[in-house]
Amino acid sequence: MNIENKVLTIVSEVLEVELNAINLTTTIDDLDSWDSMMTINLMTVICDEYGMMPSFEDFEYFTSVSKIVEFINKNNNL
């Protein structure tokens with residue numbers, strides 16, 4: 001499974017929304033269930049999945065699906 005599909009699956013599961021209800025352009029403003037607590041949950045699940053340790057500054061990456069993918073790609077290239 002590629003990174004984009006994996007992120008979409010994780011976001012769907014964590015936010016408890018149908019997979020077909022989200023895409024790479026989905027943002028925190030698009031879903032009622034995506035609040036600050038769910039952002040922290042997403043960070044935790046994504047970072048556990050990819051073996052990353054986020055910093056406070058990384059919080060900004062967890063406001064859209066595409067930014068989460070960007071965060072993973074950025075950290076996988078280190």
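**Terms and Their Grounds**

Tutor: Let us begin with phenylalanine 62, which is in contact with Trp34, Thr39, Leu42, Met43, Ile46, Ile68 and Phe71, its neighbours within four places in sequence being left aside. Contact here means heavy atoms within 4.5 Å. This is a predicted model, in which local features need pLDDT of at least 70 and side-chain atom pairs count only at pLDDT 80 or more, while totals for chains, interfaces and linings use all residues. Residues are numbered from 1 along each chain as its sequence is written, and side-chain values use heavy atoms, with hydrogens and water left out.

Student: Which residues of the largest nonpolar core touch the most other members?

Tutor: A nonpolar core is a set of buried Ala, Val, Leu, Ile, Met, Phe, Trp, Tyr and Cys residues joined through side-chain atoms within 4.5 Å. The largest one has 22 residues, and Val7, Val11, Leu15, Leu42, Phe62 and Ile68 touch the most other members. Helix 1, helix 2 and helix 3 are the elements that give two or more residues to this core. Helix 1 gives the most, with 6 residues.

Student: What makes a stretch a helix, and what span does helix 1 reach?

Tutor: Helices (H or I, at least four residues) and strands (E, at least two) are DSSP runs, numbered from the N terminus. The expected span of a helix is 1.5 Å times one less than its number of residues. Helix 1, residues 3-15, has 13 residues and reaches 18 Å from its first C-alpha to its last, close to the 18 Å expected.

Student: Which residues of helix 1 are called buried, and against what do they pack?

Tutor: Buried means under 20% relative accessible area, exposed over 50%, and partly exposed in between (1.4 Å probe, protein chains only). In helix 1 the buried residues are Val7, Leu8, Ile10, Val11, Ser12, Val14 and Leu15. They pack against helix 2 (36-50) and helix 3 (65-76). An α-helix has 3.6 residues a turn, so residues three or four places apart point the same way.

Student: How do you know that the side chains of serine 64 and serine 66 make a polar contact?

Tutor: A polar contact is a pair of N or O atoms within 3.5 Å; within protein, one must be able to donate a hydrogen and the other to accept it, and residues adjacent in sequence count only if both atoms are side-chain atoms. The contact joining the side chains of serine 64 and serine 66 is 3.3 Å. Serine 64 lies in the loop between helix 2 and helix 3, and at 6% relative accessibility serine 64 counts as buried.

Student: How is the packing of helix 2 and helix 3 described?

Tutor: Helix 2 and helix 3 pack at an angle of about 35°, with their axes 12 Å apart. Axes are lines fitted to C-alpha atoms, for helices over the stretch in contact, and angles run from 0 to 180 degrees between N-to-C directions. Leu42, Ile46, Cys47 and Tyr50 in helix 2 meet Ile68, Phe71, Ile72 and Asn76 in helix 3.
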